[in-house]
Amino acid sequence: MDRLLLQWVVLMISITTLCQACHPADFKGLTSFKSAISHDTSGRLAKWVGRNCCGWDGISCHNVTGRVKEINLPGFISTGDIPFQSEMMGYLSSSITLLDAVEVIDLGGLIGLGGTIPKFIGLRLRNLRKLYLYGNKLRGPLPESIGKLMKLEELAVHDNRLSGSLPASLGSLMSLHFLHLDGNRFSGLIPDSITNLTKLVRMDLHSNSFVGWIPERIGELQMLNELDLSNNFLSGKIPISLTKLTALSVLYLDNNNLEGPLLFPPALAFLRLNGNRLSGTIPPSFGELVSLKRASLSNNKLEGTIPSSLGRLSALSELYLDRNRFSGELPESFGQLSQLILLDLSHNFIKGPLPEMSSLQNIQTIDLSFNRLSLTAIPQWLAKLPSLSKMYLAGCGIHGEIPEFLRRTPSPIQELDLSLNYLTGKIPEWIGSLTALYSLKLSQNSLVYEIPDSITKLQDLRVLDLHSNKLTGNIRQIFNIEHGFPDDSLTYIDLSDNNFSGEFDQVDVGQQPGIQFLNLSHNNLKGRFPISIGGLKSIQSLDLSSNNLGFDLPEAMVNANQLETLKLQRNHFTGKIPKGFLKLRKLKELDLSNNLLVGEIPAGKPLSDFPRSAYIGNRGLCGKPLNPCKV
């Protein structure tokens, strides 16, 4: 009995000693990793003291061997109810491959972690099951040795700066379930060997620079549930074998150069094929995708009539068919899409009449712009849809005055686009009752008279586009719109090509400090720049051309240091160009031509980079790029 007790005590001491003393290889690998980190905002590495590495923050060890089993040092830390995004500055030490018993490495989202993925990672970490290095600043290639990690189940190196071609050895990872390589700088072909990964459930390669065709044998990945190859430079046709992926519910191939007919697997819930060169028609079988919730086929070369079978997509909530070549009438079956929240059919050749779709009780956004509908009037059933808040009917052939029933919609209108129609009359006074309005576009119509004072009640308004009408009067009320919060502001204002008049210096443009785009060109504004122009610190584009403005150019313009476009041509500005204009470093487009400016153009960038045409028509102006000034 005493002998057994002695053996048990010896065993416990051995285990305790083993646990307290880090394996030499693990100790060296971890301390070298720590040494390569210059700053750790989480403070976890600062607690790595002593030799008992199994007790260090983020380190887990095997119960029996005492070897390091897991390294869990993710950037995102949740402590109670307060999430914390930590950061490690430094580089990934190759000595981490000394931990040859490790199964999980999670260094994802540390933001500042640089360096490269160790070249021999696959030769030394044969037990690795999960490798998370995403959301860092890693560069260089994905090592060829990665294919030796035969136990690897999850590989996530997305959102780094990795580059080069993918190694063919990637196809040897027969245990791999999740592959995330998105958001890097990988290039070249997607290796055919990737179709050997028959246990793959999710593959994400989006936002890289891959070229060539999608591997023909992609259909052999029968367990694949999500496939994202979007935002690359892939070409060729969608492989026929892809239609055999019966488990695939998410397919994103958008923003590539894919051609040929529309092909798809049978069980999709989410489909994005927009931004390609797909051609042909939508086959009637598209209506058999009964699980489909969101589909985008926009910006392709699809044509023909939209099949009535789409009305069977009972789960569909979002449908984007815009920027194609669809023609014919919209099928009445669209009225059966009771779950539809968003419908975009803009920029096609669809003609009227428009079927009544009053049963679309959930639809919030509808865009029928730029078709051949010739609606003549806004359908009243459209304004009665209980959830509709965003209505885009630009270029739909609408005549007459803005209909009063728009003020009584069941759901408050947030965005309204009636531009490029045949609207007449004035902007109604009741427009001020649309207090939820965020965007109002009435451009390219024949609207007359002044802007109503009630527009000042639109506290949520951010975008106002009234260009190319016959509007008159003052523009002060637009800049007098008061917003609910101090920093709120209109961001986009286009009042160009109208007959607005009045003294510009009496307009307090500074009341809208968040303006990024302001176009008042081709009106009859006069006077000088308002002093408050210097308060537009967010403005990127300012066009006051073709007015009757005069006096000196304001020195306060230098505060608009985000300015990229400045057009002041065809006015009566006098005096010299302020030297402070040299501080407009972001300026890419400048036109001061046909004014009364004099003196030497301030020497230096960006003013000297613009062509002669930016300054001609000012008889008293000289200096580069015009003729030299006379001494």
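Is Cys53 buried or exposed? I looked it up: at 0% relative accessibility, Cys53 is buried. Here buried means under 20% relative accessible area, exposed means over 50%, and partly exposed is in between (1.4 Å probe, protein chains only).

**Ground rules**

I am working on a predicted model, where local features need pLDDT of at least 70, side-chain atom pairs count only at pLDDT 80 or more, and totals for chains, interfaces and linings use all residues. I number residues from 1 along each chain as its sequence is written, and side-chain values use heavy atoms, with hydrogens and water left out.

**Entry: disulfides**

I searched the whole structure and noted three disulfides. A disulfide here is a pair of cysteine sulfur atoms within 2.5 Å. I then took the pairs in turn.

Cys22 is joined to Cys53, S to S 2.0 Å. I checked the torsion: 80° about the S-S bond, a right-handed link for Cys22 and Cys53. What does this pair tie together? Cys22 lies in the loop between α1 (2–20) and α2 (24–35), and Cys53 in the loop between β1 (37–40) and β2 (59–61), so the bond ties parts that are 31 residues apart in sequence. Helices (H or I, at least four residues) and strands (E, at least two) are DSSP runs, numbered from the N terminus. Cys22 is buried, at 6% relative accessible area.

Next I looked at Cys54 and Cys61. Their sulfur atoms are 2.1 Å apart, and they form a disulfide. The link of Cys54 and Cys61 is left-handed, with -100° about the S-S bond. Cys54 is partly exposed, at 22%. Cys61 is buried, at 18%.

Then I went to Cys622 and Cys629. A disulfide joins them, S to S 1.8 Å. Their S-S torsion is about 95°, so this disulfide is right-handed. Cys622 is buried at 16% relative accessible area. Cys629 is partly exposed at 27%.

How do the bonded cysteines pair in sequence order? I numbered them along the chain and got 1-2, 3-4, 5-6.

I also looked up Cys396. Cys396 is buried, at 1% relative accessibility.

**Entry: a UniProt record**

I read the UniProt record, an unreviewed entry. UniProt lists residues 24–61 as "domain: Leucine-rich repeat-containing N-terminal plant-type". Its positions are in the numbering used here, feature names are shortened, and annotations may be inferred rather than shown by experiment. In the model, the end C-alpha atoms of residues 24–61 lie 14 Å apart. That span is 32% helix and 18% strand.

Most residues other than glycine have a negative phi, and most peptide bonds are trans. I looked for exceptions.

Which residues does a cis peptide bond with omega of about 5° join? I found Lys605 and Pro606. Pro606 sits in the loop between β47 (596–600) and β48 (620–622). Lys624 and Pro625 are also joined by a cis peptide bond, with omega of about 10°. I placed Pro625 in the segment after β48.

Then I checked phi. Arg323 has a positive phi, near 60°. I found Arg323 in the loop between β25 (318–320) and β26 (325–329). Arg323 is partly exposed, at 41% relative accessibility. Phe370 has a positive phi too, near 55°. Phe370 lies in the loop between β29 (365–367) and α4 (380–383). At 33% relative accessibility, Phe370 is partly exposed.
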